[in-house]
Number of protein chains: 2
Amino acid sequence: MTASPKRIVLAARPHGEPKPSDFRLEDYAMPELGEGQVLLRTIWLSLDPYMRGRMNDAASYSAPVAIDAVMEGGTVCEVMASNSDAVAKGDLVLAHSGWQTYSVVDGNILRKIDPSLGPISTGIGILGMPGMTAYTGLLDIGQPKAGETVVVAAASGAVGSAVGQIAMIKGARAVGIAGGKEKCDYVKNELGFSDCLDHRDPDFAAKLKAACPDGIDVYFENVGGEVFEAVFPLLNFFARIPVCGLIASYSDTADTTPKWAGKMMRTILTKRLTFRGFIVSDFAGRRGDFLRDMSVWVKEGKVKYKEFVTEGLDSAPEAFMGLLKGKNFGKQLVRVGPDKV
Amino acid sequence: MTASPKRIVLAARPHGEPKPSDFRLEDYAMPELGEGQVLLRTIWLSLDPYMRGRMNDAASYSAPVAIDAVMEGGTVCEVMASNSDAVAKGDLVLAHSGWQTYSVVDGNILRKIDPSLGPISTGIGILGMPGMTAYTGLLDIGQPKAGETVVVAAASGAVGSAVGQIAMIKGARAVGIAGGKEKCDYVKNELGFSDCLDHRDPDFAAKLKAACPDGIDVYFENVGGEVFEAVFPLLNFFARIPVCGLIASYSDTADTTPKWAGKMMRTILTKRLTFRGFIVSDFAGRRGDFLRDMSVWVKEGKVKYKEFVTEGLDSAPEAFMGLLKGKNFGKQLVRVGPDKV
C-alpha cells in the first residue's frame, strides 16, 4: 500500500445542520485479512441525503453511525487482495465501505460491477442505489399511467432526474421542482420535463398549480417541508405518494407540525390517497428488472444523468454539507482514488 | 298505496353533532312512473357513519345532501310496480333510495337480492356495503398475514366485527377496540377476538400496548381521533393502514391538529408505512369474490353478525344520532316496512 489509509469518522452528532467539526479525518491501521475477507481500495464514494439520518442517535430504518466510527456510504472499489472465493484481485465491486480510502470487508457481500453497462461510477449512480430508488418507488408505488402528472422535487438530482425521465418513458407528464434557474433550465431543456419550478420563487405555490392544470397524480416525495405544503392541495383523487426522503427536515431539531398535518387523515380518506414509505432495499427482488431496463434507457439516451464530482476523500464533509443545502448539481460523488494504481 | 308516502329530509346543516331539528319528517307526493322506472317500497334502511359527512357542505368523495332533500341511504326494497325490463313487481332489491317509505327510481340501477344467501336485511349488512367494506379494505389494502396483529376499532359494529373475523380466518390475531364492557365482552367472547379494549378506559393506551406485544401490523382505521393517537406509536415496520372512516372527527367543527401529525411523514418513511384511503365502490370488481366468500363464512358460522333494529322511519334521526355516539350495538337498521304487505 503506497499511502497510509485514511478515513473520516463521525466526531460529534450534529445539532441541526452538520458543521466541519462534526467530522474528523484520521489515519488508521488496516486490519489483517481474515478468512473470506478482501482488501478494497476506494475509487468512488457516493454522498446521499440518507446519511444525515445516520448521524442522529434516533430510531430510523437503520442503526446510527457510532461516534468515532467511520461514516457509512456506498462505494465503487478495486479488490487489492482477496481471501475470498467470491471475488479476485483486480475485480471492480460495489461495496458499502464508507468514507475511507481502504477497507477490509467480507468478500461474499460484494457485488461485481459489469463495466460494459456504463462508466463504473454509475454503479453508485444511475445504475445503482439512486437509480433503483427512482425506478422502484415510481413504478412499484407511484404506478404512473399515460397522461397522468408526476411531480418530483430535487429534480436535477440523482433520484429526481431519474424519476421524471422514467415517468416520461411511461407516457406521463413530468413536472420538476429544483432550486435556482440553472437547475430548472437543465431539467426542462436537457431532461425534457414539461416544466420545472424554482422552490425559492415567492410565487412557487401558484406556479406549481399553473404547471399542473390537471392536478397531481403521483408525487414522489424526497424533500418534504414547504414543497409538500404546495403539493398537498393539488393532489388528485387516488393520487399515490411514494415517500422516499424528507431532506428538508433531516436537520430539524424539533418536531414541527406543518399546516397540512391536521387535514392529512381526512384528505387520505376523502381523496383515497396512498402514502407509502420505502427504501430501495425493500425492492431488492427488482434489481434484475431495474438493471435490464435502466441500462438500455441510458444507452438509448432516454435517461440522462449528471455527476457532480469533488476530488479527494478530504473533500467529502464539505461536499456533503453542500448536498444538504442543494449546492450540488447532479449525482454527488467523491473521487477517492484513481481508476487504476 | 295504503298510506301517504313519508320521507325525512335534511332541514339544516348540523354544526357539530346533529340534533333533531336538523331533520324533518314530511309527507310528499309520489311522482308518476316514467319510462324504465319502478316504484319501491322500503323494507329496511341502513344507517351508516358516512351519512354524517353528506350533511356537511364540504368536499368529500360524494356530493352533500341538499337542504330540504331526502337523506340518502342504502335500502332493501320490494318492487311494487315496474316500467323496467330489469326488475319485476314483487322482486326484492338493493337500492340507495334513502330515508323514505316509497321511492321512484330507474330500474336498471337496482340489484336483485338472492334470499337464499341469508335474511334479506343482510343485503345492507354483512352481505352488503359494510361487509364488503371490511372485506376489501382488510384483504386488498391491509393484506394480513398469518401471525400478524390486526387492530380494528368500533369492533362490535357492522364493519369492525367483520374485519376482525376475516383477519382471524386469514390466521392473524384480531384485537378490537369498542366502547363499554358489554361490547368488549361480545367481541371477545362471541366473536373470538384475542382481546378487546374499552377506549373509554383511562388506561386505554397502556392496555392496547399490552394487548399487542408484537406491535400492530394492520390498523383498519374507521374512527380516528384518540384511538389513532394510541395506535400510532405501536405500528410496526411495513404496517398497512386502510383508511375507511374517521367517525370520531365527522362532527368536528374546526381542523384540529393531533399530536402525531407532525411526526406522520417521518414515521411513514422510517417505518415504511402504507396509508391508503378507500371507499367500497373503489373495489366494485371484487363484489363476486366478496359474496362468494362471505356467504360461505356466514353459513359456516365463521363470521357472525349482530343487528340493532329500530322500528319505523320516524325512528331514524334518533337512531342515527345514537350511532354517531356509539349507542348502537351491531349493524344499525331501521325497519321501515314489513317484509310483505
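Trainee: In what order do the 12 strands of the open sheet stand?

Mentor: This is a predicted model, where local features need pLDDT of at least 70, side-chain atom pairs count only at pLDDT 80 or more, and totals for chains, interfaces and linings use all residues. Residues are numbered from 1 along each chain as its sequence is written, while chains are lettered from A and ligands numbered from 1 in the order written. Strands (E, at least two residues) and helices (H or I, at least four) are DSSP runs numbered from the N terminus, and two strands pair if DSSP finds at least two bridges between them. Pairing is mixed, and the order is 10(A)-9(A)-8(A)-11(A)-12(A)-13(A)-13(B)-12(B)-11(B)-8(B)-9(B)-10(B).

Trainee: Which strands stand at the edges?

Mentor: Each edge strand has a single partner, so one side of each is left without a neighbour in the sheet. They are strand 10 (195-198) of chain A and strand 10 (195-198) of chain B.

Trainee: What is the radius of gyration of chain A?

Mentor: The radius is taken over C-alpha atoms, and the globule rule is 2.2 Å times the number of residues to the power 0.38. For 341 residues the rule gives 20 Å, and chain A comes close to that, so it is as compact as a globular protein of that length. Its value is 20 Å.

Trainee: How many helices and strands does chain A have?

Mentor: Its C-alpha atoms fill a box of roughly 60 × 45 × 35 Å along the principal axes. The secondary structure of chain A comes to nine helices and 15 strands.
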